[in-house]
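Colleague: I would like to go through this model and ask how some of the labels are reached. Please set each value against its cut-off.

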Amino acid sequence: MELFHLQTKNTSYAFTVLPTGQLEHLYYGKKIRLDDPTVLSEKAVFPSGNCVVYDRNIPHISLEHRMLEHSSAGKGDIRQSLVEISFPDTSYVSDFVFQHAERRRGKEVLTDLPSSIGSDEEIESIIITLKEKHHDIYLQLNYSAFCESDVIVRSSKLINHTDMTIMIESLFSTQLDRDDIDWQIMTFDGHWGRERTPHTRDIGYGRSVVESLAGCSSNRQNPFFILKKAHTDEDVGECLGVNLIYSGNHQSNIEVSAYDRLRILSGIHPTHFHWPLKPNESFQSPEAIFSFSIKGLNCLSQQFHTFINQHIIRGEWKNKERPIVLNNWEATYFNFNESKILKLAKEAASIGVECFVLDDGWFKNRKDDYRALGDWVTDTKKLPHGLNWLSRQIQSMNMSFGLWVEPEMINQDSDCYRNHPEWAVGRLDREASLSRNQRLIDMSNPDVQDYLIERLSQIFEEAEVSFVKWDYNRIFSDHFGSTLDHQGKFTHAFILGTYRVLQQLTTRFPHVLFESCASGGNRFDLGMLCYTPQIWTSDNTDALDRTVIQTGTSYGYPLSAISAHVSAVPNHQTRRLSPLNSRLAVASFGVFGCEINLNDCNEKQKKEIAAHISLYKAYRKTLQFGTFYRIMCDRNQVRWMCVDQLKQSAVAMYFQSRNPVNVKSERFITRGLEDEGYYSVKSVPFDMSILDFGDLINYVSPVHIKPNSILHKTVDMFMKVKSEHENLQAYGDCLNTAGWALKQPFVAGLHEESRIMFDQSARLYLFERKEVENS
Ligand code: GLA
């Protein structure tokens with residue numbers, strides 16, 4: 001028996017070839033030494049139960065109870081199959097068996113799909129070729145092991161060398177069979193404004209499904225999911241995560257069979273997908289990635305974070321600190337003109353913003369969201385001097401200029417639609433359904449792709465952009481591509497078209513930082529991250545909600561990808577009030593930016609934001625590329641921490657949702673500091689408004705002050721309540737194991753040594769490694 005054994009720093013993945021020709025999965029988990037596949041190959045001498053005997057000459061092998069690397073329909077493996085094809089005579093039984101294997105360093109970069117990248121030294125690959133027993137049809141299984149990040153990448157490819165057209169009914173990217181089923185599944189689900197909320201449930205017999213039929217990877221269910229044991233928490237225990245490098249409809253099936261075998265299939269959703277494969281054509285699936293840890297969920301997340309930063313993000317922005325942007329959307333919505341923008345930009349520059357992003361509304365006729373998508377021509381009513389002039393004005397303020405676009409969409413009220421109604425997705429003879437008053441433009445049509453590449457290139461050049469926010473504000477309906485020979489291709493061909501446009505534009509504009517967005521985080525996936533190093537996480541900028549959304553997102557994606565802005569209160573999405581320092585703290589765990597009308601902020605608020613921006617700049621590398629830990633994320637408290645790669649400095653956040661009264665004293669236990677290191681710990685100070693204490697002021701005031709009266713506001717101008725000052729030094733092992741005792745929370749009276757907390761109060765703590773002081 002031949003052994004295939006891929007190894008990463010901490011994991012092993014092994015399989016072999018059965019005498020029947022299928023590949024038997026042997027093991028995936030903690031790194032082991034294995035040189036003989038028979039040690040792990042399933043032992044059998046009799047056929048089991050009433051299973052199908054695949055080959056009467058080898059009666060003990062049935063495919064139903066084996067762990068397999070691949071499966072197809074109709075030869076006894078009655079679980080869902082990796083591949084299903086149908087033939088011109090409508091039959092659909094296929095049977096792929098091992099033909100040959102190739103081992104190599106490095107891996108292939110896919111051509112039409114985004115894929116993982118890395119040097120030959122970092123990657124070890126195996127390419128297995130299987131042949132359909134009765135036809136010249138080949139199934140290629142590609143495996144690549146990324147040593148340092150402990151990630152395995154898999155994909156499948158079908159090649160048709162027959163003279164007939166076959167139909168691919170489904171082709172998953174990966175199949176992962178296991179012989180343990182005591183897993184819980186964590187999924188990241190939601191909708192607009194509540195993206196990637198983590199949910200955990202037990203898996204059971206039958207199938208658990210993670211999927212999207214929205215046309216995009218979607219905020220409904222992210223393609224990323226985790227399997228964990230019941231006892232696994234953030235710091236200990238076995239867990240396994242799976243994700244796809246793909247932005248379209250996806251499905252993952254987690255199936256428990258009657259033989260207590262687990263099967264994971266992950267890839268393009270088979271619904272709405274039928275792909276005719278002509279003679280001598282091939283079809284490549286997207287790549288699936290998976291990672292395993294025995295050290296809990298933080299470790300698993302960190303493996304994905306490293307992988308994404310090193311092997312998904314590419315180009316000039318790889319490992320490069322991201323600029324602090326101010327985006328005018330929540331400050332102005334569609335209602336702006338040149339002078340308003342310049343006034344806002346001037347304020348932005350004065351507080352340390354590095355890039356000004358002009359959001360929706362800059363193009364002709366775009367006074368609301370009913371019109372103009374597709375045209376991409378500057379509105380000279382709003383911007384009489386044009387985009388180039390505006391961009392130069394912004395650049396003269398020492399900021400770079402960014403622009404919002406939504407290329408994959410079209411409004412019926414646009415010149416583009418009037419000239420090319422056939423470019424809108426949907427049949428010309430039917431009325432299409434709208435969402436946000438718009439339709440999808442048919443990205444599967446090469447003419448549309450070429451139009452967008454040229455039009456956007458001209459705009460990007462004219463506007464001298466350094467940043468592009470690439471939006472996508474509706475999901476699919478009326479699926480139809482007018483140039484396709486088969487509508488079963490539509491959903492996938494649309495995504496391939498989007499990828500081609502993104503590939504061309506990111507190649508033409510290598511210096512530009514692209515940020516993707518889809519009504520907030522409706523397309524937060526690894527496919528987009530191959531072109532856009534960061535993604536607008538959610539339109540919901542409320543600090544409390546963001547603690548949930550950013551926690552959920554962090555399970556699968558690094559902070560360098562999580563775009564997070566401080567915004568106004570009452571919050572535009574929730575109407576909730578939260579203190580400015582809390583909003584700043586939450587938005588700092590990611591790529592920090594501003595989404596606030598600075599012209600409406602008072603001097604004190606501007607000063608606080610400016611001070612925070614300079615603090616963020618000082619710790620930016622740690623907050624974007626450090627090692628991230630979820631210390632606590634329960635119903636009332638969120639504690640996050642980022643430690644820089646060399647463990648010299650760190651930032652931690654404490655956030656509480658509701659202010660509990662008369663509770664036990666607390667310690668803050670850190671993660672990730674060097675046990676041997678000696679650290680200073682300091683809280684980031686801030687001032688609290690007297691107004692926030694309401695009529696409690698009368699507890700200390702010699703004269704009665706009516707809450708919110710002019711007198712109250714006048715006192716507030718001159719008197720502030722200062723936050724407590726944590727300032728201590730301790731060894732890393734003490735902080736990581738026992739923590740330090742936080743100051744007592746405010747109970748009944750004010751004291752400079754007490755910690756005054758409200759609903760949604762937050763604290764930031766800074767850690768610096770120091771020389772040990774000898775006494
Ligand atoms: C979407 C985005 C927002 C904003 C608007 C503009 O909703 O998520 O950030 O860009 O579109 O129309």
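Colleague: How are helix 10 and helix 11 packed?

Modeller: The model is predicted, and in it helix 10 (residues 580-588) and helix 11 (residues 603-625) pack at an angle of about 20°, their axes being 10 Å apart.

Colleague: Why is helix 10 called roughly parallel to helix 11?

Modeller: Angles under 35 degrees count as roughly parallel. The angle here is about 20°, so helix 10 is roughly parallel to helix 11. The crossing of these two helices is right-handed.

Colleague: What about helix 3 and helix 4: at what angle do they cross?

Modeller: Helix 3 (residues 338-350) and helix 4 cross at roughly 20°, and their axes come within 10 Å. With the cut-off at under 35 degrees, helix 3 is therefore roughly parallel to helix 4. Helix 3 passes helix 4 in a right-handed crossing.

Colleague: Which unit does helix 4 belong to?

Modeller: Helix 4 (residues 386-396) makes a right-handed β-α-β unit with strand 21 and strand 22. Strand 21 and strand 22 (residues 400-405) run parallel and are joined by four bridges. In this pairing C355 stands opposite S400 of strand 22.

Colleague: Which way does strand 20 run relative to strand 21?

Modeller: Strand 20 (residues 325-327) and strand 21 run parallel, joined by three bridges. The bridge partner of V325 in strand 21 is C355.

Colleague: Why is C355 called buried?

Modeller: Buried means under 20% relative accessible area. C355 has 0%, so it counts as buried. C51 is at 12%, also under that cut-off, and therefore counts as buried.

Colleague: What makes both faces of strand 21 count as covered?

Modeller: In a regular strand the side chains alternate between the two faces of the sheet. In strand 21 (residues 355-358), C355 and V357 lie on one side and F356 and L358 on the other, and all are buried.

Colleague: Now the open sheet with the order 1-2-3: how many strands does it have?

Modeller: It has three strands, with antiparallel pairing.

Colleague: Why do strand 1 and strand 3 count as edges?

Modeller: Strand 1 (3-7) and strand 3 (23-30) each have a single partner strand, so one side of each is left without a neighbour in the sheet. The twist averages 15° from one strand to the next.

Colleague: What makes strand 1 and strand 2 a pair?

Modeller: Two strands pair if there are at least two bridges between them. Strand 1 and strand 2 (residues 11-17) have five, in the antiparallel sense, so they pair. Among the residues involved, Q7 has S12 of strand 2 as its bridge partner.

Colleague: How many bridges join strand 2 to strand 3?

Modeller: Seven bridges join these antiparallel strands, and V17 stands opposite L23 in strand 3. Their hairpin has five residues between the strands, and G21 there takes a positive phi near 105°.

Colleague: Why is strand 3 called largely enclosed?

Modeller: Six of its eight residues are buried, so strand 3 is largely enclosed by the rest of the structure.

Technical notes. Residues numbered from 1 in each chain as written. Predicted model: local features only at pLDDT ≥ 70, side-chain atom pairs only at ≥ 80, totals over all residues. Heavy atoms only, no water. Axes fitted to C-alpha atoms, helices over the stretch in contact; angles between N-to-C directions. Buried < 20%, exposed > 50% of the residue type's maximum accessible area, 1.4 Å probe, protein only. Right-handed = clockwise from strand over helix to strand, strands pointing away. Parallel < 35°, antiparallel > 145°, perpendicular 65-115°, else oblique. Left-handed = near helix turned anticlockwise from the far one by under 90°.
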